[in-house]
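Subject: Structure handover and notes

Dear colleague,

Here is the structure for your files. My notes on it come below; please read them with the coordinates open.

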Amino acid sequence: MKKRKLLYFLCCLSAESVAADPVYLDYAAAEGVSQEALNEFNRVVKMQGNSSGFNANAKILKKIEKDSATIIANKLKCQSQNILFTCSATIANNIAILGVAYKYSPSECHLITSKIEHKSVLNVFKHLEEMGYSVTYLDVDRYGRVNLAQLSKSLRKETRLVSIQAFNSEIGIMQDMKKISAVVHRHSNALLHSDISQLFCKYPVDVSFLDMATFSGYKIGSPKGIAALYVKDFQKLTPIVFGSGNSLWPGTVPTELVSSFASAVKVYKMDLQKVTSLFEILRKEIMKIEDVFINSINPTHVFSVSIKGVLLKDVIQEMKDFSFSSGCSCLGQGESNVKEAIDPEGKLPSCTLRLSFSDSVSPAMIIKFAARLHFVVDTLRKRKKVTEGCENDNSKLVDILSDIKL
């Protein structure tokens, strides 16, 4: 027991001793910009011109964009003309979903999604539902797996689109998109869209059985502000914004961001064996804490855990030397839709943490985090003797988060 206390003392400094730079464990939110992507951005941003023009400068910029699209398309094993660049995955999701829905009147268009989608998907479907479109929200099991039987039964003659995230960024569940595709494409009128932002360049991705796929640059080391939408057949989408240039996403193309995105794709690698090892180390260490519930079943770079007997705001306050996320997509704006879907009866503790890492994170850092968390949880439980009934008190969470790097 004395040795254990000594380990906590050495590995877990007091909450007041916060490191100048918190240990980063929020890679699902964003990767750091790679040097190669930054160099490419700096090279191209100095070039004059607009690729929408018809002069020599425009021709150079157009070639950079075409070459970049080819690099990204090769990663997806598709054609470069199937890649549409946008400014964010949120915009790409909107283009995909609204682009299909707006081709039809609400009475002749049924849509399907899951209850654990990212808000940039879920809120689009809610908007369409308010407009009179019929939407089915698929249930998931305890770990977020989509109910395939329910999906099959939900398909109708007027079903036009199914959108299911391939990899959930909150709990790390990886859907079997091949099986989902087989179910969906038995219904010839339905298109299948997937947000693959957390998969792209990290895990094997096959878009051949998808009609559309959304992915983002800053998840793999490009600057923020660039994403893309893979579209198998552009004729099946209708424009939702208007202007000059590409009919689906008009406007001047940020060539420097496109080329830096491609540079990030060229150099990005993630050692899946090491990531799996880190996940298992974290699981083993976290399980040493009493009354925890692991929400992540796949050994990936995302790890979610719910902790009984503590308040989320207190844990975050005491863990300021680490940068991580809550399980909630929109902190301070209600419960996470993912948590509600995997725990419809509300049996899980409300204090949910999401850790996400890359293969650059060391096992020692994972162990240090888990030891610190163990110390903090034990201390909070003894200090406040929090009951389950008051775990939902997140009233001061927004104020705390404003002072913490998350």
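This is a predicted model: local features need pLDDT of at least 70, side-chain atom pairs count only at pLDDT 80 or more; totals for chains, interfaces and linings use all residues.

Residues are numbered from 1 along each chain as its sequence is written, and side-chain values use heavy atoms, with hydrogens and water left out.

Strand 13

Helices (H or I, at least four residues) and strands (E, at least two) are DSSP runs, numbered from the N terminus. Buried means under 20% relative accessible area, exposed over 50%, and partly exposed in between, with a 1.4 Å probe and protein chains only. In strand 13 (residues 352-356), 5 of the 5 residues are buried. The cover is on both faces: Thr352, Arg354 and Ser356 are buried on one side, and Leu353 and Leu355 on the other. In a regular strand the side chains alternate between the two faces of the sheet.

Two strands count as paired if DSSP finds at least two bridges between them. Strand 13 pairs with strand 10 (residues 302-307) in the antiparallel sense over 5 bridges, and there leucine 355 is the bridge partner of phenylalanine 303. Strand 13 also pairs with strand 12 (residues 325-326), again antiparallel, over 2 bridges. In that pairing arginine 354 is the bridge partner of serine 325.

Salt bridges

The whole structure has 11 salt bridges, a salt bridge being a side-chain nitrogen of Lys or Arg within 4 Å of a carboxyl oxygen of Asp or Glu. One of them joins arginine 354 to aspartate 26, with the closest N and O atoms 2.7 Å apart. This pair links distant parts of the chain, since arginine 354 is in strand 13 and aspartate 26 is in the loop between strand 1 (23-24) and helix 2 (35-45), 328 residues apart. Both arginine 354 and aspartate 26 are buried.

Another salt bridge is formed by lysine 115 and aspartate 139, whose closest N and O atoms are 2.5 Å apart. Lysine 115 lies in the loop between strand 3 (110-114) and helix 5 (119-130), and aspartate 139 in the loop between strand 4 (134-138) and helix 6, so the pair ties together parts that are 24 residues apart in sequence. Lysine 115 is partly exposed, with a relative accessible area of 34%, and aspartate 139 is partly exposed at 32%. Lysine 313 and aspartate 314 also meet in a salt bridge, at 3.5 Å from N to O, and both are buried.

Aromatic contacts

There are 9 aromatic pairs in the structure. Rings of Phe, Tyr and Trp (its six-membered ring) pair if their centres lie within 6.5 Å; planes under 30 degrees apart count as stacked, over 60 as edge-to-face and the rest as tilted. The rings of phenylalanine 215 and phenylalanine 261 have centres 6.1 Å apart and planes at 55°, so this pair is tilted. Phenylalanine 215 is in strand 7 (residues 212-216) and phenylalanine 261 in helix 8 (residues 255-267), so the pair ties together parts 46 residues apart in sequence. Both residues, phenylalanine 215 and phenylalanine 261, are buried.

For phenylalanine 322 and phenylalanine 369 the centres are 5.2 Å apart and the planes at 85°, so the pair is edge-to-face. Phenylalanine 322 lies in strand 11 (residues 322-323) and phenylalanine 369 in helix 12 (residues 363-384), so parts 47 residues apart in sequence are tied together. Phenylalanine 322 is buried at 1% relative accessibility, and phenylalanine 369 is buried with a relative accessible area of 1%.

Helix 7

The buried residues of helix 7 (residues 177-184) are Met177, Ile180, Ser181, Val183 and Val184. Seen down the helix axis, they fall within an arc of 160°, so they line one face of helix 7; the arc is that of the directions from the helix axis to the C-beta atoms. Their cover includes helix 6 (148-154), strand 5 (159-163) and strand 6 (191-195), where contact means heavy atoms within 4.5 Å.

Regards
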